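Hi,

Here is the structure I said I would pass on. Have a look at it first, and then read my notes below.

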Amino acid sequence: MRLAVISFTRAGARWCSRLTRHFRESGDACEGYIQPRFLAEAGAGQPGINLMAESVGEWTGRQFLQADGLIYIGAVGIAVRAIAPFLNDKLTDPAVVVMDEAGHYVISLLSGHVGGANELTKTVANVCGAQPVITTATDVNEKKAADFWAAERGWQIGDREQAKQVAASLLEEKPVGFFSDFPLLEPLPAGYFYGQAGERNLWLTVRTQPDPGEELLKKLITERRLLRLLPRILIVGVGCRKGMKKERIEEMIERILREAKLDWRAVSCLASIDRKKEEEGICWLARKWAVPFLTFSAEQLEQIQESVEESAFVRQVTGTGNVCERAALAGAGVGGRLVVRKRAENGVTVAVAQAEWDRQYGRRGVE
């Protein structure tokens with residue numbers, strides 16, 4: 001997790017130094033920021049400790065773009081005024097936590113579930129011996145909200161409004177139905193019932209719509225009572241002519257996913273041969289979708305054992321007889337399988353693989 005800690009007083013500077021050290025020793029990328037007059041006594045020379053040389057607003061704007069979590073050590077009002085201009089929504093805003101300078105209370109202020117502020121609050125409180133303050137309704141009532149459950153596993157939320165409705169059902173003690181295309185060994189949280197339709201329901205899937213014959217799922221979707229949870233286990237293998245327009249690559253991939261009834265939000269990465277690692281159209285799409293772009297050598301692609309469609313011309317040019325299918329399978333790893341075979345149109349080739357499902361927790365996707 002990328003964290004940034006800011007303090008404003010002498011006492012706050014000491015907490016900033018302590019938290020920065022803790023998180024860095026725990027393996028997180030953490031930077032602490034201390035006011036100039038307190039730097040010498042609280043953190044000068046300590047790894048990760050920086051001089052605060054900009055306004056709080058400027059610092060906040062920069063960290064909103066870079067960090068996964070922001071920790072303010074000071075008054076809640078300072079944090080609220082600082083973050084206000086940069087708020088977007090609960091699915092994209094970073095976690096924001098506030099601790100008073102005396103170390104008495106730690107407050108989960110923003111993005112408690114998806115952003116991880118609730119868990120970050122508990123960690124900060126544990127390190128500092130403070131009292132965590134979490135006001136999220138489902139947490140207060142010891143219910144596991146769908147967005148938090150999904151965030152723990154790297155799953156995407158299909159519809160944020162429906163996620164709120166699921167949380168409301170849980171709080172009202174109404175059963176929530178759970179349907180899954182994948183086997184789960186872990187028990188469902190309290191309030192969720194496998195294979196039974198409730199007022200609100202969850203569907204763990206990479207599909208955009210049910211297949212013919214899945215009448216109950218179709219009915220629940222029509223009635224807007226079904227929230228899809230999307231595990232990121234799809235890998236898109238792509239090849240293209242050099243300099244192919246980015247719009248053409250995007251349109252081709254989106255259309256193939258749509259025709260296969262697969263949700264693009266379940267894509268964990270794009271994959272290709274290493275000679276395409278600088279291909280701007282693919283790099284651009286990876287940035288737009290916020291997924292890694294993995295590349296493999298021809299030798300690595302040749303090691304893929306699954307049967308793929310071979311091309312003598314492609315082999316002559318690249319050193320392997322098939323780029324997109326082999327790259328998709330290489331990205332999926334051991335146990336991966338093709339779910340969309342090679343499609344080629346106007347200089348772009350696309351295939352889609354699905355990674356092996358982790359029965360215990362669900363695959364988080366490519367790290």
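Let's start with a definition: a residue counts as exposed when its relative accessible area is over 50%, as buried when that area is under 20%, and as partly exposed in between. Keep in mind as you read that this is a predicted model.

You'll find A290 in the loop between α11 (280-289) and β15 (293-296). Its backbone is worth a look too, since most residues other than glycine have a negative phi. A290 isn't a glycine, yet its phi is positive, near 55°.

K261 does something along those lines. It has a positive phi of about 60°, and it is not a glycine either. K261 sits in the loop between α10 (246-259) and β14 (267-273). Is K261 buried, exposed or partly exposed? At 27% relative accessibility, it counts as partly exposed.

I235 is in strand β13 (residues 234-240), and its relative accessible area is 0%, so it counts as buried. Which residues is I235 in contact with, leaving aside its neighbours within four places in sequence? The list is S268, C269, A271, A328, G331, A332, A351, V352, A353 and A355. Take G331 from that list: it is 96 residues away from I235 along the chain, but their C-alpha atoms are separated by 6.3 Å.

Q162 is the other one. It belongs to helix α8 (residues 160-171) and has a relative accessible area of 6%, which means it is buried as well. Leaving aside neighbours within four places in sequence, Q162 is in contact with R224, R225, L226 and L227. With L226 you can look at the atoms themselves: the side chain of Q162 reaches the backbone nitrogen of L226 at 3.3 Å.

Last, a pair of helices. α1 (residues 10-25) and α5 (residues 117-128) pack at an angle of about 115°, and their axes are 11 Å apart. Angles from 65 to 115 degrees count as roughly perpendicular, so that is how α1 lies relative to α5. The crossing of α1 past α5 is right-handed. On the α1 side, the contact is made by W15, R18, L19, H22 and F23, while α5 brings L120, T123, V124, V127 and C128. Sorted by class, the residues in this contact are seven nonpolar, two polar and one charged.

Happy browsing!

Technical notes:
Residues numbered from 1 in each chain as written. Predicted model: local features only at pLDDT ≥ 70, side-chain atom pairs only at ≥ 80, totals over all residues. Heavy atoms only, no water. Axes fitted to C-alpha atoms, helices over the stretch in contact; angles between N-to-C directions. Helix = DSSP H or I, 4+ residues; strand = E, 2+ residues; numbered from the N terminus. Parallel < 35°, antiparallel > 145°, perpendicular 65-115°, else oblique. Left-handed = near helix turned anticlockwise from the far one by under 90°. Contact = heavy atoms within 4.5 Å. Nonpolar A, V, L, I, M, F, W, Y, C, P; charged D, E, K, R; others polar. Buried < 20%, exposed > 50% of the residue type's maximum accessible area, 1.4 Å probe, protein only. Polar contact = N/O pair within 3.5 Å; in protein donor to acceptor, adjacent residues only side chain to side chain.
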